[in-house]
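Hi everyone, thanks for making time this morning. Let's have the model up on the screen, and then I'll walk you through what is inside it.

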Amino acid sequence: MQTTMYETLLQLPLFRGMSTDELSDVLKKVPFEFRNINPGETFIVEGDSCNSFIMLISGSMVSAKSGSKEPFTMYETIDAPYLIEPYSMFGAVNRFTHSYTSKTQVTILVIEKNYMYTELKKYDIFRMNLLNIISKKVQILQADRWDITETSLRERIIMFARNLSDTNTGERHIKIRMETFAKILGETRLNVSKELNSLEDQGLVILKRSEVVIPNIEKC
C-alpha cells in the first residue's frame, strides 16, 4: 500500500526528487484527498475558486477555454500525471482559467493550499518543483510573445493551436467558424480553407462542420 503511494507521488511534478523519508513525513502530516470521477463529468468550471493543488494521477481529461473576444473554443486532451493550474492559486485572481471534464475514468489528488504554508514549504525539493513549474509556464508565454519569425499561413495555424495549449502532445479540438479563424489569422476565408484542406490531405487535421480536429499536435 505504502509502496504504491510512494510510486504515485513520485510521478507527480510536485514530489519528484523527494526521498522515501521525506515522502513518509509528508504522508503523516498532510491530508491527501483522492477523488474518482466518471467519464464525462466536469469537475472544474472556469472561474471556480482555486485554493487547492489538484493533480490528475490517472486517466485522461479535456480542458476547455473559450476566446474572450472572438467566438471559438479550444479543447485539449491531457493525460496523467498532470498538475492543474498551480499558477492560478497565486496572484491577484485565484480562479481557474479553464474548465476540466474527465474523458475516461480518472482519479485526482487534492491537497489544500494552506498545507503548503504549514508543512510542504519545509521541503526544499517541493518549493523548487513548484517554482520550476510556474517559471516554465511564464517562459513559454514569453517565448510565444516574441516568436514572430514564422509567417506562413500554415505555421500561423499551427502556432495558433500550440500557443493556446498547456501541453505539447495529444489531441486538440477547435470549435470555430471559418470566418472567425480567418479574422484571427488575418487572412481570407478562402486561403485558410485551402491551407486546412492541405493539412487534412496530409493527415494532420480532420475538418468537421465549424470544427478543426488535430489528432496529434506533436506531429504538426
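**Cores, strands and spaces**

Let me start with Phe126: leaving aside residues up to four places away in sequence, Phe126 touches Leu14, Phe15, Met18, Phe53, Met116 and Leu120. Please keep in mind that this is a predicted model.

Now, the wider setting. The largest nonpolar core has 37 residues, and those touching the most other members are Phe15, Phe53, Met55, Ile111 and Phe126. At least two residues of this core come from each of helix 1 (2-11), helix 2 (20-29), strand 3 (52-58), strand 6, strand 8 (106-112) and helix 4. There is also a second, separate core of 19 residues, with Ala161, Ile176, Val212 and Ile214 among them. I'll come back to that part in a moment.

Let's stay with strand 8 first. How many of its 7 residues are buried? For strand 8 the count is 6, so to speak a mostly covered strand. On strand 8 we find two antiparallel partners to look at. Strand 1 (residues 33-37) joins strand 8 through 5 bridges, with Ile37 partnered by Val106.

The model has 1 cavity of 30 Å³ or more, and the largest cavity holds about 70 Å³ of space. Which residues line the largest cavity? They are Ile157, Ile158, Ile174, Phe181, Leu196, Leu199, Leu204, Val205, Val212, Ile214 and Cys220. Helix 5, helix 7 and strand 11 are the elements giving two or more residues to this lining. By residue type, the lining is 11 nonpolar, no polar and no charged.

Last stop, the open space. The largest pocket contains about 1,300 Å³. Its lining has 42 residues, and Tyr82, Lys137, Ser165, Asp166 and Thr167 lie nearest the centre. Two or more lining residues come from each of strand 4 (60-66), strand 5 (72-79), strand 6 (82-84), helix 4 (124-146) and helix 5 (153-163). The pocket lining divides into 15 nonpolar, 13 polar and 14 charged residues, whereas the lining of the largest cavity has no polar and no charged residues.

Conventions: Residues numbered from 1 in each chain as written. Predicted model: local features only at pLDDT ≥ 70, side-chain atom pairs only at ≥ 80, totals over all residues. Heavy atoms only, no water. 1 Å grid on protein atoms, 1.4 Å probe; cavity = no way out; pocket = protein on both sides within 12 Å on 5 of 7 lines; lining within 4 Å. Points joined across faces, edges and corners; volume = space filled by probe spheres on them. Helix = DSSP H or I, 4+ residues; strand = E, 2+ residues; numbered from the N terminus. Nonpolar A, V, L, I, M, F, W, Y, C, P; charged D, E, K, R; others polar. Core = buried A, V, L, I, M, F, W, Y, C linked by side-chain atoms within 4.5 Å. Buried < 20%, exposed > 50% of the residue type's maximum accessible area, 1.4 Å probe, protein only. Contact = heavy atoms within 4.5 Å. Pairing = 2+ DSSP bridges.
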